[in-house]
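This report goes through a protein model part by part. Please look at the sequence and the structure before reading on.

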Amino acid sequence: MTNSATAVAHANIALAKYWGKRDETLAIPATSSLSLTLDAFHATTTVTVGAEADAGTLDGRPMSEGELGRVSRFLDLVRERAGSTARATVTSESTVPTGAGLASSASGFAALAGAAAAAYGLDLDPRDLSRLARRGSGSAARSVFGGLVVWHGGTDDATSYAEPVPGGEAGGPLDPAMAVVVLDAGQKSVSSRVAMRRTVETSPFFPGWVESTEQDVRLMLDAVAAGDLAALGALAESNALRMHATMLGARPPVRYWTAHTVAVLDEVQALRAEGLPCWATIDAGPNVKVLCSGADLDVVATALARGTDGDEARRVVTARPGPDLRVAAGAGVAA
Ligand code: PMV
């Protein structure tokens with residue numbers, strides 16, 4: 001048995017969002033969700049078992065106390081299952097800007113789940129890895145798989161897991177792709193964990209959000225099965241706006257948008273009016289991810305890079321469907 005393992009997991013962006021938990025400890029979401037795993041952003045994490053105390057680095061710097069605490073609590077779950085008390089060293093490198101609503105926790109915790117399970121000698125299938133990753137960060141459950149992924153919300157630990165949805169392949173009938181408009185790669189003001197809790201506890205719109213998202217997931221799965229990107233995109237844009245409307249209804253309100261966010265929403269609407277099919281979605285940050293077909297990706301990205309708001313900081317990253325989580329023994333894994 002090896003005591004060191006490395007995993008690579010890619011970021012995912014939800015088209016039907018996860019926003020709110022029904023069980024905080026187990027990270028059981030209030031709704032199911034649907035996402036696209038992206039090739040453009042990934043985390044590479046190595047876990048080596050056998051240390052005085054848990055220790056970790058993130059992009060070459062020591063983890064903060066908060067970051068290490070979260071990693072350590074996650075490793076406790078793995079140790080419990082493995083019957084081990086051994087501490088570990090974790091090194092993680094990410095190409096995703098941390099904490100800016102670009103799903104850094106999704107790829108980070110999916111990679112940590114894969115590497116830690118292997119390093120501690122747990123033999124988990126992808127569904128069990130998804131359930132484990134969920135405990136680190138809900139959206140990490142979906143980063144275990146490539147392409148389009150559904151996370152069945154479920155009602156307990158056993159029934160809350162993600163699985164791939166056929167039809168999300170690049171070049172297939174749907175051919176989904178994304179232009180990621182990065183407006184502000186800085187740390188977000190309110191963490192998704194805190195913002196979700198506040199939304200669940202204080203937004204009067206939350207019950208409506210839960211009901212309509214369950215329905216959106218069903219309609220989106222139908223759209224995927226029909227290869228209908230326009231139906232999927234329209235539902236995704238609406239679902240994101242409903243999520244933000246719900247958190248705007250919290251007290252105090254949660255607002256991640258900036259004026260630049262609104263400018264991109266206007267631009268996406270204008271591109272559609274000009275006959276270029278594309279749809280916006282926004283997570284827990286100001287950035288906007290724009291869904292379109294792989295065939296239109298370069299045209300959409302070029303138009304969005306131009307911008308209408310004179311924002312010099314704007315950057316557009318093009319992304320296509322990314323792969324499944326990969327795990328290998330030792331310190332290396334094929335990228
Ligand atoms: O996994 P978390 O706790 O970072 O929450 C993710 C929340 C959203 O990105 C806003 C939505 C989603 O489904 O990914």
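The model is a predicted one. Its largest nonpolar core has 51 residues, and the members that touch the most others are Trp19, Val47, Phe74, Leu75, Leu112 and Tyr256. Helix α2 (residues 104–119) gives the largest share of this core, with nine residues. At least three residues come from each of domain 1 (3–167) and domain 2 (176–319). In soluble globular proteins, nonpolar side chains tend to be buried together.

Apart from neighbours within four places in sequence, Leu112 is in contact with Thr45, Val47, Val71, Phe74, Leu75, Val90 and Ala117. There is also a second, separate core of 28 residues, and Leu38, Val217, Leu229 and Val317 are among them.

## Two domains

The protein chain is divided into domain 1, residues 3–167, and domain 2, residues 176–319. Between the C-alpha centres of the two domains the distance is 23 Å. On the side of domain 1, 33 residues take part in the contact, and on the side of domain 2, 45 residues do.

How much area is buried between domain 1 and domain 2? The value is about 3,100 Å², and carbon and sulfur atoms give 70% of that area.

Strand β12 (residues 288–293) is largely enclosed by the rest of the structure, because six of its six residues are buried. Both faces of the strand are covered. On one side lie the buried residues Val288, Val290 and Cys292, and on the other lie Lys289, Leu291 and Ser293, which are buried as well.

Strand β10 (residues 176–182) pairs with β12 in the antiparallel sense through six bridges. In this pairing Val181 has Val288 as its bridge partner. Strand β11 (residues 279–282) also runs antiparallel to β12, joined by four bridges, and here Ile282 stands opposite Val288. The strands β11 and β12 form a hairpin, with five residues between them.

## Cysteines without a disulfide

A disulfide is a covalent bond between the sulfur atoms of two cysteines. The count of disulfides in this model is zero.

Cys278 is buried, at a relative accessible area of 0%. Cys292 also counts as buried, with 0% relative accessibility.

## Helix α3 and strand β8

Which residues of helix α3 (residues 126–136) are buried? They are Leu129, Ser130, Arg131, Leu132, Ala133, Arg134 and Gly136. The elements that cover these buried residues include β3 (28–29), α1 (65–82), α2, β8 (148–152), β9 (161–164) and α4 (192–202).

Strand β8, one of the elements covering α3, has four of its five residues buried, so the strand is largely enclosed by the rest of the structure. Strand β4 (residues 33–51) pairs with β8 in the antiparallel sense over four bridges, and the bridge partner of Ser33 in β8 is Trp151. The pairing of β8 with β9 is antiparallel too and has four bridges. There, His152 has Tyr161 in β9 as its bridge partner.

Terms used. Residues numbered from 1 in each chain as written. Predicted model: local features only at pLDDT ≥ 70, side-chain atom pairs only at ≥ 80, totals over all residues. Heavy atoms only, no water. Core = buried A, V, L, I, M, F, W, Y, C linked by side-chain atoms within 4.5 Å. Buried < 20%, exposed > 50% of the residue type's maximum accessible area, 1.4 Å probe, protein only. Helix = DSSP H or I, 4+ residues; strand = E, 2+ residues; numbered from the N terminus. Domains from an automatic or database assignment. Contact = heavy atoms within 4.5 Å. Disulfide = S-S within 2.5 Å. Pairing = 2+ DSSP bridges. Buried area = accessible area lost by both parts, 1.4 Å probe.
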